[in-house]
Amino acid sequence: MTELLDMPSYLEHSYLGLVALHLREGLLPVLAGLVVALPVAQLCVRFRWLYPPVLWVTTVLYAIPSLAFFVVLIDYTGLSELTVMIPLAVYSLVVLVPAIVDGVRSVPQETLAAATAMGFGPVRRYVQVQLPIAAPAILAGLRVASVSSISLVSVGMLIGNEGALGNMLDAGMRYGQPRLVWLSVVGTAVLAILVDALLIGVRTLLTPWMPRGTRTSSRTRVAKEGAR
């Protein structure tokens, strides 16, 4: 087992180091995307005319190839993790914004009226009422965005040793070492599955009141929105 996980010196990391790097480069952009998506989605809910152009912009940005993003960013951020993570954060918006908007819009008007009658202002109502009720849709969007981001981290191998587990894929193909190729592919798939399972657990803890069928349909709806 030790020999299987031994990494060549030119990869600059141990196998566990590459796994940690992959998680950092894959999940931090999703968290950054969530921070941006929450206020943007609220604006889209408040001003309905704003949602179509925002959705159009996020879709256009998602259509930009990651390599083109890298070329533009290298002049500003160099050959660094940041050059990989910025495009991933931008890509996550195409899933997170629709997920949050749909979730917040699903909150019954009676609930909002009751919160307003209790003296809740717009910000407090959004944080304490709308977001908790929209949690299933938001977490479904986070699942899609996280798995997508983890799979895309490997593209960072195109700008040097910034692809985490993707670095092994590049090295294995370049030097004819199938062991590195399989470790990269299987490792990336396992990480995506584990992160998805973790988010399912978080959803179960946060939404114990939801029936299983509702959770599934919410996840499916958000996945379809992301595919568009």
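Contact here means that heavy atoms lie within 4.5 Å of each other. The views below come from a predicted model.

Figure 1. Ser146 is part of helix H6, which covers residues 122–152. Leaving out residues up to four places away in sequence, Ser146 touches Leu27, Val30, Val195 and Leu199. The relative accessibility of Ser146 is 4%, and buried means under 20%, so Ser146 counts as buried.

**Figure 2. The salt bridge between Arg24 and Glu81.** The count of salt bridges in this model is two, and one of them joins the side chains of Arg24 and Glu81, with an N to O distance of 2.7 Å. Arg24 belongs to helix H1 (residues 15–46) and Glu81 to helix H4 (residues 81–105), so the pair ties together parts that are 57 residues apart in sequence. Arg24 has a relative accessibility of 37% and counts as partly exposed. Glu81 is also partly exposed, at 22%.

**Figure 3. The salt bridge between Asp196 and Arg143.** Asp196 and Arg143 form a salt bridge in which the closest N and O atoms are 2.6 Å apart. This pair links distant parts of the chain, since Asp196 sits in helix H8 (residues 178–206) and Arg143 in helix H6, 53 residues apart. With 9% relative accessibility, Arg143 is counted as buried.

**Figure 4. Ala189 and Ile150.** Ala189 lies in helix H8. In sequence, Ala189 and Ile150 are 39 residues apart, while in space their C-alpha atoms are 8.7 Å apart. The relative accessibility of Ala189 is 39%, a value that counts as partly exposed.

**Figure 5. The largest nonpolar core, with Ile100 and Leu142.** In soluble globular proteins, nonpolar side chains tend to be buried together. The largest nonpolar core of this model has 34 residues, and Ile100 and Leu142 touch the most other members. At least two residues of this core come from each of H1, helix H2 (51–63), H4, H6, helix H7 (165–175) and H8. H1 gives the most, with nine residues.

Figure 6. Apart from neighbours within four places in sequence, Ile100 is in contact with Leu34, Ala37, Leu38, Ala41, Tyr126 and Ile138.

Definitions and conventions
Residues are numbered from 1 along each chain as its sequence is written. This is a predicted model: local features need pLDDT of at least 70, side-chain atom pairs count only at pLDDT 80 or more; totals for chains, interfaces and linings use all residues. Side-chain values use heavy atoms; hydrogens and water are left out. Helices (H or I, at least four residues) and strands (E, at least two) are DSSP runs, numbered from the N terminus. Buried means under 20% relative accessible area, exposed over 50%, partly exposed in between (1.4 Å probe, protein chains only). A salt bridge is a side-chain nitrogen of Lys or Arg within 4 Å of a carboxyl oxygen of Asp or Glu. A nonpolar core is a set of buried Ala, Val, Leu, Ile, Met, Phe, Trp, Tyr and Cys residues joined through side-chain atoms within 4.5 Å.
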